[in-house]
Amino acid sequence: MAHLAIPKTYKLYIGGKFPRSESGRTYQVVSTKGEFLANAAKASRKDARDAVVAARSALGGWASATAYNRGQVLYRIAELLEGRRAQFIEELVAVDGTTAAVAAKQVDAAIDRWVWYAGWADKYVQVSGNGNPVSGPYFNLSVPEPTGVVAIVAPADPLLGFVSVVAPALVSGNTVVVIASQQAPLSAISLAEVLATSDVPGGVVNILTGSPAEIAPWLASHADVNALDLAGAESLDWIDLQISAADTLKRVLAPVAGIPQATLDRITAFTETKTVWHTKSMI
Amino acid sequence: MTIQTPVALAPAQRALAVLGGDLTERALRLHLEGLSGVDAVGLEQRAAALGTRSIKTTSKAWALDRIIELIDLTTLEGADTPGKVRSLVAKALTPDPGDPSTPRVAAVCVYGDMVPYAVSALGSAHAAGGSTGINVAAVATAFPSGRASLRVKLADTADAVASGADEIDMVIDRGAFLSGRYGQVFDDIVAVKEACRRDDGSYAHLKVILETGELNTYDNVRRASWLGILAGGDFIKTSTGKVAPAATLPVTLLMLEVVRDWHRLTGERIGVKPAGGIRASKDAIKYLVTVAETAGEEWLTPSLFRFGASSLLNDVLLQRQKLKTGHYSGPDYVTID
Amino acid sequence: MSFLEYAPAPESPSILHLKKDYGLFIDGEFVPGHGKEFATISPATEKHIATIANANEADVDTAVKAARIAYDKTWSRMSGADRGKYLFRIARLVQERSRELAVAESLDNGKPIKESRDVDIPLVAAWFFYYAGWADKLDYAGLGADPRALGVAAQVIPWNFPLLMLAWKIAPALAAGNTVVLKPAETTPLSALLFAEILQQADLPAGVVNIITGAGDTGQELVQHPDVNKVAFTGSTAVGRAIAKSVAGTGKKLTLELGGKAANIVFDDAPIDQAIEGIVNGIFFNQGHVCCAGSRLLVQENVHGEVVERLKSRLSTLRLGDPLDKNTDIGAINSREQLERIRELSDIGEAEGAQRWTAECAIPDNGFWFAPTIFDNVSTSSRIAREEIFGPVLSVLTFRTPAEAIAKANNTPYGLSAGIWSDKGSKILAVADELRAGVIWANTFNRFDPASPFGGYKESGYGREGGRHGLAAYLQTSAPARELVEGRSR
């Protein structure tokens, strides 16, 4: 007798837990060919609010973890992704209708990108920080620090696009609230399952599914969000989002066509350079 | 672990008042090490800022005269002779033969064996601690190193006082201080102070030389300043002039901060004497500004502030002549002592 | 007589050779403006200094066009080495004319001559020297291979450090290869116009730097001009916010250096005498007209009484008066408008129950003055503890533990600077780590250096000025990162 499949329920990922939307809403996720794939939670502004609270409370611990530790935790994600490679390929094939070979390339690229960023955790400070030769008896050092809570509108590309915006924000110790691709959120939620079983503390990554057009304005205007990555917001009224973000002087990255490239700038965009002066004297 | 019985320090009124009845080395150490630290960069910047003040011409005339009145005119050479000391005294009495309005210095400062010659050269101009005339100050306690037994230091002091010295400039034992034997330094000062006692029960004025160039750190200077005051010093003095660096503006500023704080705490005024290295009027004026803005203008009096100097006097005289005549003077127009 | 009768102003305005009227400096020449001209006055005497041209929309456009042409035809084609030489020339000329510039600055701004002479102008020269050397070394700035200039930079600067803010803006912009249209503040245009004369002396190619004067609307026209590629602004958070909105979606690269409400944290193990000096320097330097001023004193409860007492005694020795007097510590408030704001907020502080103490000092009859003032027992919710006063007013709050100090220090939408006073190194480093501010001064305050990046967290703005980071603000970096800079590359 054939095994009767157990469909997966895709929920939100907030504070390390998988809640349904507080609104009780869901929406149908369909493949590019229009086949029904799953019901995903349709996050509300209150879910966004809860996600920001979770991200804020996780910030202290994640930001103050040692860089080595953050790098290890992030690398561990890549290991887990590798372990679930087949599942991610299957999901991409289902969503995109692409061949398994093309999907495999995408998954491998996502894993490689995650590893690339993980390795930056204990290096980016050295590359973008400075010892400053000031003319006076002072020790003077500039180091980048995480900006804080970063809200992200993820690109449409379900996995590599998602990884390309989330990983760099995490490297320095930011915590994130990501709105997954509306059309293809399943890889993001599967990635959340990976995160939930990894050493990434709950609240460091929070994933919302649903309508970016509905949720993004709440994040852009939220006073407790420090930065806004509009990478996948090209089809939204993103200029309004940027204007709204200006109310609390959020750091904003504008939309990107396609998949953002792997760059150090994506890490440093959400860091703040702190310069410390200290008097220097032997006597 | 053993707890040693605290060794009592020699009784000293000020220390008793501040540290309480239980006057022990431990109490002294706790007090000195509990003093607020000094940030060298900030201290030196404050001193430099005070050095940029510029004063009115009328204030300058007053300042030049006051500098003379605050000078301990000094000769401290191995080659000193009675003749050299008499010459020094003559200079002290008549700094500028061409201008009788020139004030006299506060004191002449000599080695102990030269005290009798200084006293006799001064004659009736010897203030002997009084308010008019010139005092005789003697360096004592195996100056400048201080490396002798306490017995020798006390004899040195008593001898100078007996010879007529009005002021004793003692050196602290920097070795003891740097190795943390604060009690020993304290007891030494108390003993020397006692050796300053004259037969009639009065005391020669005691200046405690910290030799800040050897104490090296500003934290040490602050601690040593407190130590000198607690043990009964009437003045705290920067240097012997035999060790570089001698007096500096930051060190003097720091010591002035201590006497200011002591005054706030007790109402008592302690004197400060920068010595060595102050050669130009311009620099001396910076010290006056620093005194006025730190401890207050009331400190600008010989009983509370002195310059230990020799060549400073002639530079002040040149500046006085410039103010008076309107043109620059030259070294041939002031006398060497 | 008091010995402390210091000499009155040896610095005389007579070394200045001011013109009666100043035009706009566009394309290498002074030209008339088409807006309604205005006067710049000395805030210390309210006397007229000069009549200043006012740039209207058309003038702004002319200036931007001049900058664009200079960028396309001259500056972007010049070698980095030659750009650097022009900057070195400028630096030297600033040094040679430093006295004149210092006097002009104090006259127009009201700041004490000892500050313009010893801080502002030397830093202006240092800033040009520092960035001059970068002009032919951009490949080594760690920004990827072949970083490129952005184009035309629109720069709007405040009145608190007129020439220094000009240097912070122009030096890195030119070193990176951009051309500039700069608008100085309405109340302090003088030194920028003298600087324009220096540019003529330096033979800087016409149009590379254009200086247009006017009020807020001129600045608005400038930053909104469609042909500028970069906007740099230093000033209030309110205006910064409006600028951020106006450039949204335009792809203009933006750096903002805005307001602050810095905590100056004094622990009980602080070097006390230096801390007192640092508190004074932190809030009374430049009459408190400093965005990074240490306006909130956070003092550990067990030394609160002692610190406040020492502070009052020290403030009593501050000398308020003629900015051109070398002994003046506190100069004039820059404008009547600013004075009103300081008065208003101080009155609010008093009404909210904080204890007001003002140093006794004679206030001159004319001009705008505000005596150094301390508010003690200020609560964290008080408006004087939250709003930027931008004047010589210090709010004193207390804390009991380092954690409480950090929490209170960070409890503000601003994040520009902070001070820490302690003799314990490990505590300083740990506290510095936790403070959400762009510049932390430990056992010192209000120090600036061209090699040291400066700028804020949170609502104090973004981007850094100074150092390698300051250069990055005027460059687009290598190809993979291009999308980050331009936002809409396809």
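**Close-up 1. The loop between β3 and α7 of chain B, shown around P144(B) in the predicted model.** P144(B) sits in the stretch that runs between strand β3 (135-139) and helix α7 (150-162) of chain B. The peptide bond that joins F143(B) to P144(B) is cis, and its omega is about -5 degrees.

**Close-up 2. The cis peptide bond from A244(B) to P245(B).** Omega for this bond, which leads from A244(B) to P245(B), is near -5 degrees. P245(B) belongs to the loop between β6 (235-237) and α12 (249-266), again in chain B.

**Close-up 3. Q287(C), a residue with positive phi in chain C.** Although Q287(C) is not a glycine, its phi is positive, at about 60 degrees. The residue is located in the loop between helix α9 (272-284) and strand β13 (296-300) of chain C. Q287(C) has 33 other C-beta atoms within 10 Å, and because the cut-off for a buried residue is 20 or more such atoms, Q287(C) counts as buried.

**Close-up 4. K458(C) in the loop between β18 and β19 of chain C.** The loop that holds K458(C) runs between two strands, β18 (439-442) and β19 (461-462). K458(C) is a residue other than glycine, yet its phi has a positive value, near 45 degrees. With 26 other C-beta atoms within 10 Å of its own, K458(C) is classed as buried, because a residue is buried when 20 or more other C-beta atoms lie within that distance.

Technical notes
Residues are numbered from 1 along each chain as its sequence is written. Chains are lettered from A and ligands numbered from 1 in the order in which they are written. This is a predicted model: local features need pLDDT of at least 70, side-chain atom pairs count only at pLDDT 80 or more; totals for chains, interfaces and linings use all residues. Helices (H or I, at least four residues) and strands (E, at least two) are DSSP runs, numbered from the N terminus. A residue is buried if 20 or more other C-beta atoms lie within 10 Å of its own, exposed if 12 or fewer, and partly exposed in between; C-beta atoms are placed from the backbone.
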